[in-house]
Amino acid sequence: MEIVGMGFRPTDEELVDFYLKHKLLDDDPLVHVLTDIDLSDVEPWEIPEMLAKSVIAFKTSEWFFFSPVNLKYSNSKRFKRTTKSGFWKPTGKPRDVRKGDTKTDIGTKKTLVFQSGNVSKGVTVNSNWVIHEYHALNFLQSQNAFVLCRLKKKHGKTTEGGTAALISDEEESSRSVVSDNEHQDIAEGVPSVS
């Protein structure tokens, strides 16, 4: 698949309703233009190099890929998001991703910021690496579950007291429809069937 012209600029709806949906169903070879990368196996700064030879020419500060769902504990819905250098920390509430024509919820989007360091040692530092993690609703829970990740590197956006400026969505598509409803049971994004 060759993407020409404006580059790869999918909306939240397209990411969930086409790419993630068909990845979970494993029924459309076009979704394989996005690579599988396990967030726990790599540091955020390694991902751009891994995707440098991708079929899709990503912008210099934004990359898309699938990540398998790895649960922290077998009886938990918490994801394993720790790497050798730090961990991905969820910030804010999960937001709904809705289908444009029907306004039906089709997924959720979470924002995570990479924290360098170790929590148990009490030393962590916000980084400029942010992920928007997309979770599909209405799919069977399976061992082959995936989330779709949009990795961004924000240049000079950190704030002294937190991550507010770091996680701003100035590049978000205006076609995306989201709300601030909290999805406590499905927030961890393991796909389920309706």
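Colleague: Which residue of strand 3 is the bridge partner of P90?
Modeller: This is a predicted model, where local features need pLDDT of at least 70 and side-chain atom pairs count only at 80 or more, while totals for chains, interfaces and linings use all residues. Residues are numbered from 1 along each chain as its sequence is written, and side-chain values use heavy atoms, without hydrogens or water. Strands here are DSSP runs of E with at least two residues, numbered from the N terminus. In strand 3, P90 is bridged to L112.

Colleague: Thanks! How many bridges join strand 2 to strand 3?
Modeller: Strand 2 covers residues 86–98 and strand 3 covers residues 105–118. Two strands pair if DSSP finds at least two bridges between them. These two run antiparallel, and the number of bridges joining them is ten.

Colleague: What is the strand order in the sheet?
Modeller: The sheet is open, has five strands and is paired in antiparallel fashion. Strand 1 (62–68) and strand 2 are its edges, each pairing on one side only. Reading across, the order is 1-5-4-3-2.

Colleague: By what angle are neighbouring strands turned against each other on average?
Modeller: Axes are lines fitted to C-alpha atoms, for helices over the stretch in contact, and angles between N-to-C directions run from 0 to 180 degrees. For neighbouring strands of this sheet, direction is ignored. The average turn is 25°.

Colleague: And what angle does helix 1 make with strand 5?
Modeller: Helix 1, residues 12–25 (helices are DSSP runs of H or I with at least four residues), packs on the sheet. The helix touches strand 1, strand 2, strand 3, strand 4 and strand 5, contact meaning heavy atoms within 4.5 Å. Its direction and that of strand 5 (146–153) make an angle of about 135°.

Colleague: Which residue in the hairpin turn has a positive phi?
Modeller: The hairpin is formed by strand 3 and strand 4, with four residues between them. Eleven bridges join these antiparallel strands, and one of the bridged pairs is G117 with T124. In the turn, a positive phi of about 75° belongs to G122.

Colleague: Which residue of strand 5 is bridged to W129?
Modeller: Strand 4 (123–136) touches helix 1 and is also joined to strand 5 by six bridges. The two strands run antiparallel. In strand 5, the partner of W129 is K153.

Colleague: Over which stretch does the model have 93 contacts although pLDDT stays under 50?
Modeller: pLDDT is the predictor's confidence in each residue, from 0 to 100, and its mean over the protein chain is 76, with 73% of residues reaching 70 or more. Residues 1–5 fall below 50 and have six contacts beyond near neighbours in sequence. Where pLDDT is low, the predicted coordinates should not be read in detail. The stretch with 93 contacts beyond four places in sequence is residues 157–194.
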